[in-house]
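Visitor: Could you take me through one part of this model close up, and show me how that part sits in the whole?

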Amino acid sequence: MADILIIGGHGKIALQAAALLAERGDEVTSVVRNPDHAADVRATGATPLVLDVEHAQHTELVRAMRGRDAVVWSAGAGGGDLARTYAVDQRAAIASMRAARDAGVPRYVMVSFFGSALDHPLPYDEGFFHYAQAKAVADAHLRGTSLAWTILAPSRLTDEPGTGRIEVGAQQPSQVPRADVAATIAHVLGEGSRASLHRTLTMNTGDTPIAEAIA
């Protein structure tokens, strides 16, 4: 049984991942900003922790992470607000990595997006530019840490039922169900931990079972 902290615990992927992890016996704590979301977290079998990671102090983050086996970053500003995009998707994400290091958390899983890279081709006036830039900087920072990291980079997310089958390493994005991203989180925090270590896994829906795709 692992003790796992999910940041961004009310997101669609996070809620499904929490349910899968709790069902297999892991101890899951899901961080939410809005206390009204606590009931939804409890329904997954996870324990809610109300904490605003955008404004949290380093000591608060360390306290939330101490004793955990893994941290999953699945938070996001949700777009539409330039300042919050950089505050959450870049600065708060990096702050969580530093806190994980100082709390002695050995494992860190980042939910990013297909194409996240510092040399992404998006022009500055493209609406997606700032999100892409913030995520790319955070991902690059994670790769430079001493954490045992994995970056999941799914393509366009859908609410279709999961198939348990994905394509990893594709050159072009397609789409992938959120349910399969959640199942991949569970896999890389379990049997697939070693195979996914220090890897950025681009993800489309596919024909290969998750465990085989990440072997």
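Guide: Of its contacts with a separation of 6 or more, 67% are between residues 24 or more positions apart, where contact means heavy atoms within 4.5 Å. A word on the source: this is a predicted model, in which local features need pLDDT of at least 70 and side-chain atom pairs count only at pLDDT 80 or more, while totals for chains, interfaces and linings use all residues. Residues are numbered from 1 along each chain as its sequence is written, and side-chain values use heavy atoms, with hydrogens and water left out.

The protein chain has eight helices and eleven strands; these are DSSP runs numbered from the N terminus, with helices being H or I of at least four residues and strands E of at least two. Its radius of gyration is 16 Å, close to the 17 Å of the globule rule for 215 residues, so the chain is as compact as a globular protein of that length. That radius is taken over C-alpha atoms, and the rule is 2.2 Å times the number of residues to the power 0.38. Of the 215 residues, 50% count as buried, meaning under 20% relative accessible area with a 1.4 Å probe, protein chains only; over 50% is exposed, and in between is partly exposed.

Nine strands form an open sheet with mixed pairing, in the order S3-S2-S1-S4-S5-S6-S10-S8-S11. Its edges are S3 (47-50) and S11 (208-209), each of which pairs on one side only. Two strands pair here if DSSP finds at least two bridges between them. In general, strands of a sheet pair through backbone hydrogen bonds, either parallel or antiparallel.

S5 covers residues 107-111 and pairs with S4 (residues 70-73) in the parallel sense, over four bridges. Along this pairing, Ala 70 has Arg 107 as its bridge partner in S5, and Trp 73 stands opposite Met 110. S5 is also joined to S6 (residues 148-154), again in parallel, by five bridges. There the bridge partner of Arg 107 is Ala 148.

What about burial? Five of the five residues of S5 are buried. Arg 107, Val 109 and Val 111 point one way from the strand, whereas Tyr 108 and Met 110 point the other way, and all are buried.
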